[in-house]
Amino acid sequence: MRNYSSSQIQAITAGDGPCFCIAGPGSGKTSVIINRVSYLISHYQVAPTKILVVTFTKAAAMEMRNRYEVTAKGQNRAVTFSTFHSLFFTILRHAYHYKVENIIRPDVQYAYLREIARRHHVAVDQETDFLKSLLEEISLVKNQRINPENYYAKCCSQDSFRKIFMDYTQRMKTQRLIDFDDMQVYTLELLKQRPDYAKAWADKYPYLMIDEFQDISTIQYEIVKLLASIHKNIFVVGDDDQSIYRFRGASPMLCFQFLKDFPKAKQITLSENYRCPKSVVELAGKLISHNETRFEKNLTAVKDLKSSVKYSLYKNQFDEAKAIVRKIQEYVKAGGKYEEIAILFRTNKQPSILTECLIRNNIPFRLKEHLPNIYEHWISEDIFTYIRIALGSRQRSDFYKIMNRPLRYLSRDSLDDATVSFEVWMDYYEEQDWMMERIDKLQGDLRMLSTLSPYAGVMYILNVIGYRDYIREHACEHGIAIEELTDVTDFLLSSAKEAKNYKEWSKQIEHYKNQIEQKVKQDDAMKDCVSVMTLHSSKGLEYPMVFIPDINEGLLPYKKATLAEEIEEERRLLYVGMTRAKEKLFLSASKKILHHDSEPSVFLKEMGFSMK
């Protein structure tokens with residue numbers, strides 16, 4: 001073990017009993033786990049079949065298995081490397097004879113929820129986004145074992161959520177279907193109610209190792225405790241500073257709870273960072289030190305590259321995007337590869353301005369997550385419909401879409417023909433002067449709209465026609481945060497500024513849509529391309545060059561983070577993103593986000609950067 005540090009050797013050779021290995025970013029934790037498995041077999045003569053290594057993703061489990069088999073040189077292949085869900089399903093399969101067919105498919109899951117929501121008359125505009133949020137909240141309730149009667153939903157009213165949750169749960173039971181959250185709930189119930197089952201599985205795997213322990217949820221931890229309760233040979237590897245999945249039920253407090261539940265546990269800290277330059281490690285450490293709920297650590301960098309962190313404050317996001325593009329071009333021109341670069345954002349809605357800039361400059365990139373096309377949002381479609389009618393469309397379907405946005409009390413029955421004539425429309429209301437005035441005003445507004453630039457046109461629709469008031473009322477009526485909707489209008493205003501006329505703006509939008517569609521089709525085949533992803537998705541990855549733009553108040557920390565523990569998680573999220581950098585790290589903020597004045601994040605101040 002000459003190539004390992006003293007703390008790594010200590011972790012690899014730790015014998016029986018509980019052990020908590022605090023593994024900072026880039027500290028070689030996977031190598032420690034793999035070599036510990038080999039050491040248990042070769043030094044302590046533990047049978048390979050008695051060892052279980054659990055992690056969160058199939059890819060991580062496969063990587064560890066492959067690396068272990070290389071280390072073991074084909075020997076002792078009977079070690080089990082599993083995900084939590086695979087382990088839980090195996091336990092349920094033996095107990096209840098579940099088959100793969102009993103696991104609900106995502107499309108069926110969405111179909112059930114769509115049908116149930118419609119039955120309860122839950123009105124939504126973006127159905128796909130609503131169903132995704134609904135599913136996340138159902139998952140949270142199950143994972144944290146919250147009584148749905150006491151849960152205040154964010155995606156809909158409390159009463160609607162409770163009814164949907166109960167109907168969905170009942171339908172799953174009737175169809176004998178389970179989702180991934182049910183696997184956890186049923187496994188915990190089984191092991192608690194049947195001590196003989198708990199003992200059988202504990203005896204099957206008396207040596208238990210958990211990777212990425214900071215990401216464990218309360219229910220997963222309860223199951224792990226039951227499996228380790230007899231032999232107590234549990235070795236967990238994690239870093240409370242990298243706990244970033246609070247929305248899934250994970251909490252850094254479980255790291256502290258482990259030491260309470262296993263008071264005799266050894267505590268080992270892997271303090272050497274083999275990934276990041278010294279300046280990145282020191283800056284990230286300075287940031288995370290502002291969190292109060294954490295284990296104190298003194299991480300040191302093995303690399304000592306100079307000038308590897310740069311911070312910039314830009315006039316707006318367009319200048320920020322152009323600067324990122326220039327740095328990418330310079331890096332590639334100097335011999336670097338696109339695949340060595342990652343651009344990390346707080347949310348998957350942010351990259352639109354940057355991706356447009358990448359497309360215009362023919363820089364290949366891969367989207368790690370689905371990028372919501374803001375141009376296809378229902379608000380965008382309404383704005384485009386107004387413009388389309390102003391430019392001459394007389395399709396009845398277009399008028400149906402906007403005639404009561406804002407509310408004008410115009411009846412759909414007033415439009416008999418597939419092609420709309422304002423004269424005929426006025427005739428329909430000839431005995432109602434006030435309705436004729438509304439149609440006349442709409443016609444006048446459309447005439448004015450046809451003469452304006454795209455930016456002025458969007459402003460006219462929002463402020464003169466009254467569409468801004470409409471979306472404010474819509475948000476209030478549906479319990480939606482107004483920011484969710486104004487973010488769309490702000491983006492449209494910023495985009496419209498770049499075009500001289502409607503034709504140019506339309507071409508710009510169509511080109512962007514086509515490029516994004518091609519990206520989705522080509523992503524799997526593309527090798528040498530820039531990775532664009534959220535900070536959450538960057539976990540476990542590393543790149544020579546990392547950009548983290550938009551480090552602004554309201555974005556990072558995110559505007560919804562108000563409680564102290566939520567702010568600490570936002571700080572951990574930035575810490576994770578920063579520690580992905582192997583060589584160069586570029587941090588930036590903008591004086592304007594979309595077209596609003598914005599302040600650089602307090603996190604930048606905590607790291608010692610100027611706010612001006």
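This is a short talk on a few parts of one predicted model, taken sheet by sheet and then residue by residue.

Hi everyone, thanks for coming. Please keep in mind throughout that we are looking at a predicted model.

Six strands build it, in the order 3-2-4-5-1-6, and the pairing is parallel. At the edges sit strand 3 (80-83) and strand 6 (266-270), each of which pairs on one side only. From one strand to the next, the twist averages 15 degrees. As a quick reminder, strands of a sheet pair through backbone hydrogen bonds, either parallel or antiparallel.

Now we can walk through some of the pairings. Strand 2 (residues 51-55) and strand 4 (residues 207-210) run parallel and are joined by four bridges. Moving along, strand 4 pairs with strand 5 in the parallel sense, over four bridges, and Leu208 stands opposite Ile234 of strand 5. Strand 5 also pairs with strand 1, again in the parallel sense and over four bridges. In that pairing, Ile22 stands opposite Gly238 in strand 5.

Is Ser7 buried or exposed? Its relative accessibility is 9%, and because the cut-off for buried is under 20%, Ser7 counts as buried. Beyond its neighbours within four places in sequence, Ser7 is in contact with Ile268, Thr269, Leu270, Ser271 and Glu272.

Next, a helix pair. Helix 8 (residues 180-193) and helix 9 (residues 195-204) pack at an angle of about 105 degrees, and their axes are 5 Å apart. The two helices are therefore roughly perpendicular to each other. On the helix 8 side the contact is made by Leu190, Leu191, Lys192 and Gln193, and on the helix 9 side by Pro195, Tyr197 and Ala198. Sorted by class, that contact has five nonpolar residues, one polar and one charged.

Five of its five residues are buried, so strand 12 is largely enclosed by the rest of the structure. Val530, Val532 and Thr534 cover one side, with Ser531 and Met533 on the other, and all of these are buried. Strand 12 pairs with strand 10 in the parallel sense over four bridges, and there Leu344 stands opposite Met533. Strand 11 (residues 365-367) runs parallel to strand 12 too, joined to it by three bridges. Arg366 has Ser531 as its bridge partner in strand 12.

Ser531 comes up again with Glu339. The C-alpha atoms of Glu339 and Ser531 are separated by 6.9 Å, although the two residues are 192 apart along the chain. Glu339 itself is found in the loop between helix 13 (317-333) and strand 10 (341-345). At 36% relative accessibility, Glu339 counts as partly exposed. Leaving aside neighbours within four places in sequence, its contacts are Lys527, Asp528, Cys529 and Tyr543.

Cys476, by contrast, is exposed, at 64%.

Cys357 is one of the buried residues of helix 14. Helix 14 (residues 352-360) is mostly covered, with eight of its nine residues buried. After helix 14 comes Asn362, whose phi is positive, near 55 degrees.

Notes: Residues are numbered from 1 along each chain as its sequence is written. This is a predicted model: local features need pLDDT of at least 70, side-chain atom pairs count only at pLDDT 80 or more; totals for chains, interfaces and linings use all residues. Side-chain values use heavy atoms; hydrogens and water are left out. Axes are lines fitted to C-alpha atoms, for helices over the stretch in contact, and angles run from 0 to 180 degrees between N-to-C directions. Angles under 35 degrees count as roughly parallel, over 145 as roughly antiparallel, 65 to 115 as roughly perpendicular and the rest as oblique. Contact means heavy atoms within 4.5 Å. Ala, Val, Leu, Ile, Met, Phe, Trp, Tyr, Cys and Pro count as nonpolar, Asp, Glu, Lys and Arg as charged, and the others, Gly among them, as polar. Buried means under 20% relative accessible area, exposed over 50%, partly exposed in between (1.4 Å probe, protein chains only). Two strands pair if DSSP finds at least two bridges between them.
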